[in-house]
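User: Hi! I am new to protein structures and would like to learn how to read one. Could you walk me through it?

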Amino acid sequence: MNFASILYILGTLIEVEGALFIAPAVVSLFYRESEGFIYFSFAMVCAIVGRLITINKVKKQIYYAKEGFISVAFGWIIMSVVGCIPFVLTGEIPHFTDALFETVSGFTTTGSSILSDVESLSHCSLFWRSLTHWIGGMGVFVFILAILPKTGAQNMHLLRSESPGPDVGKLVPKLGDSAKILYIIYFAMTVLQIIILLIARMPLFDAVTLTFGTAGTGGFGIRNTSIAEYTYIQQLIISIFMILFGVNFNFYFFIIIRHSLKEAFKMDEVRTYLAIIALSTAAIMINAKNMFESVSDGFIQSFFQVSSIITTTGYSTADFNEWPALSKVILVSLMFIGACAGSTGGGFKVSRLIIMAKAYIRELMHFIHPRLVRNIYMDDRKIKDETVSGVMVYLVSYVLVLMVSLLVISLDGFDFETNFTAVMATLNNIGPGLSHVGPAGNFKDFSILSKYILSFDMLAGRLELYPMLLLFSPGTWRKK
Amino acid sequence: MKIIIVGCGKVGSALAESLSKEDHDITVIDIDRDVINQLTNTVDIIGVEGNGASLIVQKEAGITEAEILIATTVSDEVNMLCCLIAKKSNKDIKTIVRVRNPIYLDEVGFFREELGLTMVINPERAAAREIARLLRFPSAMKIDTLSGGRVELLKFRIEKGSPLDGEKIMNLSQEIRNSIQICSVERGDEVFIANGSTELKVGDRVSFLASPLNASNFFKTIHIETHAVKDTMIIGGSKLAYYLSKMLLDAGIDVKIIERDRARCMELDEALEKATVINGDGTEETVIMEEGLEKAQSIVALTNIDEENILLSLYAKKHNEKAKIVTKVNRMMFDSIVEEIDIGTIVHTRSIVVDIVAGTVRAMQNSQGRSKVETLVNILDGKAEALELVIREDSEVTDVPLQELKLKDNLIVACIRRRNNIIYPRGGNSIKVGDRVVIVTTHQGLNDITDILGEKR
């Protein structure tokens, strides 16, 4: 294991985070908040520490898959620990565990909160909280790859460990250019949403922070009622953008760079994703019609909730905890499915679901025609058998993590619905679950152990399990 | 530049690696997905799986925007087809195609004109040409030409008892220093760019720049034989052996080929009238001794197995100290070890192709006015390179005495060609517009003459 290389990349990470702390410090100037000073001085500390670590260039910059996994897993943990310190220093979230939970939830774009009164936070802390979503959405290593002047091919391992999806590839030959394209698309869409929200008469601060939450499919609101107090138009805009950010970014690459709508809409994943949204919205509208004031209210509310859950954002305009059972089951299934691979969303990913469904049908057919030969295709492309079995193994790992987490947090004595949806909501990076942790509740009452377990789940979910699992597996650290 | 490489065999992969280091956007096409995966994990390129001669696959690889297509699949015909299809879908594309079958040798001109191929490269023939050059000038381990042959970059090893052993470069006689320029010294795994205080030692592999005549004079002053060999013994009758024999026979050098396979011997005998073809196992002592290994002036080991070639050369060295020995090695991996062993010159077929193609690509880029590097020569497996630049316009480095420029470490301005004069610059010389300058450096990716300057303040 090349620790020098790992340390160097972690140092760079701390430097970048130091630079990011300047943003909330600037916000505090507008609102004349004293907390800004803490952010500013902490930014300096990060910059100095990061500089000290990276002062010596690493001679042997060799990266293998192992180093990629470990750097990313460590990177995300360190980033979260560093990112939570201002919350503790300003005294807004006094307990370290709570602050860490909140920050992990931010970076992993989960949006689960331990705060019962969000509005009491200072503007700069609110801004930082939302900014973590934006950074975590596309990934901080992708960001580093985009800004580093020259990146070797071996950094591909970093991109692969951080980006979601069963088969991560590059868009263009150069890794650095790929990362830049992703961030340019991400940035442009973010700006677009802010502008549209401003036109829809949302205040600037709300527009920016909510857009950060939407873009990263995070879900931290800045009001206690999440999005419920905003107008229908604003809600609609947010839900449409949630869906857009949950789409595989290759889709935009095809449209913007390759100018090919045909190629873009040929993507099975995007079509399936849009179909699931349409069907679920319709089903919930009909099933929960007694909860809504009118048809249009029903449409907006169910559409918003569906898009918020499937993209794993976790904003809410209604307390869906009160909805009928079928609607709740649909929402929990959507939690599991998640957004598209290569998007900012979490969950199991639609593409994995497609591959799994096709593999499942193939296995069933095998019973009828034992000598059947059939390949699995997606986007008119053959899917490697390794990818198919990779998806299966992913599912197994996913269920294992789910079960173990569920066991541990059950110690706290909450009801099954709370425990199950709490793990689902964190592992899939959604935010709110049902019952105690529903849209109206929060994660404050869990024990310290449970909070760490749930934080682990959030990181594991964001990094697609393996980096976090490998970090804790002895084989990774054995010298042989 | 946007470059598509079809076929990721040894040469294709080496090309992808070398070209991507020079900041080109590389897309590779190969039928084998595992090969692509392995390559994209270590080199910053993108891969497309499929048959490179298929239009759909080429389109997916972005043929319409690509500027160069390089076809290096195993089949000559597929390579040509790739280029034809590419040319039809993008008429501005430049195509470089590998053709190795001797049948097509005389048709290369037709290919270029009628099929629109920009460059046809035959790796065996290129390697043969390099070996032939070495046999004509046996004292050098490696010869590269710059400036259209006016300057050569030669590499030789300092043997025991050489007058250069223990000398510092600045203490060499004025005569030597005015006629040649010592550029780099390889010692073990390391490469130094030479400066006045560099001390030369036994076993060093020294590269120097000189005109062909001066080079030969220099070798005479340090007591190294410079006459071309009169005969050669080639062990292994591959395509490379065929090309080499043909060139040597044309130059009046006697050729003896030892080949294991009888049918191949017959073929060779038919194709090469004047050569002596021996049917026998070149790794058997009795065979090579009987054929006069001890008296041959040069021995070239060209079997298909690297290990066999290396051992053969070691054996030959032991029994015939005076002969010029050339060893063909395919794999680059053990390069650092093999270079250490004293077995004369090592010829890497792959790196020869890579150097030629990379040079051509650079020339194409140059013609578009983006880079001013004319030729580039790798001195040791990419650890150091010699670049020839044409100075087209005034810049921070022109008309300033070299001693006043803050040059990068490990970089020297090795020679300046001003009209027909070759200058080996000293501190007082300066670079002028219109010059062709040769830079030797361990830094990679230099594009412009101003890149020779160190950190800008």
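Predicted model: local features only at pLDDT ≥ 70, side-chain atom pairs only at ≥ 80, totals over all residues.

User: What is the secondary structure of chain A?

Analyst: Helices (H or I, at least four residues) and strands (E, at least two) are DSSP runs, numbered from the N terminus. Chain A has 21 helices and two strands.

User: How does the radius of gyration of chain A go with that of a compact globule?

Analyst: The radius of gyration is taken over C-alpha atoms, and the globule rule is 2.2 Å times the number of residues to the power 0.38. For 480 residues the rule gives a value near 23 Å, and the 22 Å of chain A agrees with a compact globule. The C-alpha trace of chain A spans about 65 × 60 × 50 Å along its principal axes.

User: How many residues of chain A count as buried?

Analyst: A residue is buried if 20 or more other C-beta atoms lie within 10 Å of its own, exposed if 12 or fewer, and partly exposed in between, with C-beta atoms placed from the backbone. In chain A, 52% of the 480 residues count as buried. Helix α11 (residues 249–257) of chain A has buried residues including A:Phe249, A:Phe251 and A:Phe253.

User: What do the buried residues of α11(A) pack against?

Analyst: Here contact means that two residues have their C-beta atoms, placed from the backbone, within 7 Å. The partners of those buried residues are α8 (175–199), α12 (261–265) and α13 (268–287) of chain A.

User: How are two packed helices described?

Analyst: By the angle between their axes and the distance between the axes. Axes are lines fitted to C-alpha atoms, for helices over the stretch in contact, and angles run from 0 to 180 degrees between N-to-C directions. Take helix α4 (residues 96–107) and helix α5 (residues 123–138) of chain A: their axes come within 6 Å and cross at roughly 40°. Therefore α4(A) and α5(A) are oblique to each other; angles under 35 degrees count as roughly parallel, over 145 as roughly antiparallel, 65 to 115 as roughly perpendicular and the rest as oblique.

User: Which residues of α4(A) meet α5(A)?

Analyst: A:Thr103, A:Gly106 and A:Phe107 in α4(A) meet residues of α5(A), among them A:Arg129 and A:His133.

User: What about phi?

Analyst: Most residues other than glycine have a negative phi. A:Thr217 is not a glycine, yet has a positive phi of about 50°. A:Thr217 sits in the loop between α9 (204–215) and α10 (232–245) of chain A, and counts as buried because it has 35 C-beta neighbours inside 10 Å. A:Glu464, also not a glycine, has a positive phi of about 55°, and its place is the loop between α19 (448–462) and α20 (466–471) of chain A. Just after α11(A), A:His259 has a positive phi of about 50°.

User: Where is B:Ile143?

Analyst: B:Ile143 belongs to strand β7 (residues 142–146) of chain B. With 19 C-beta neighbours inside 10 Å, B:Ile143 counts as partly exposed.

Note on methods
Residues numbered from 1 in each chain as written. Chains lettered and ligands numbered in written order.
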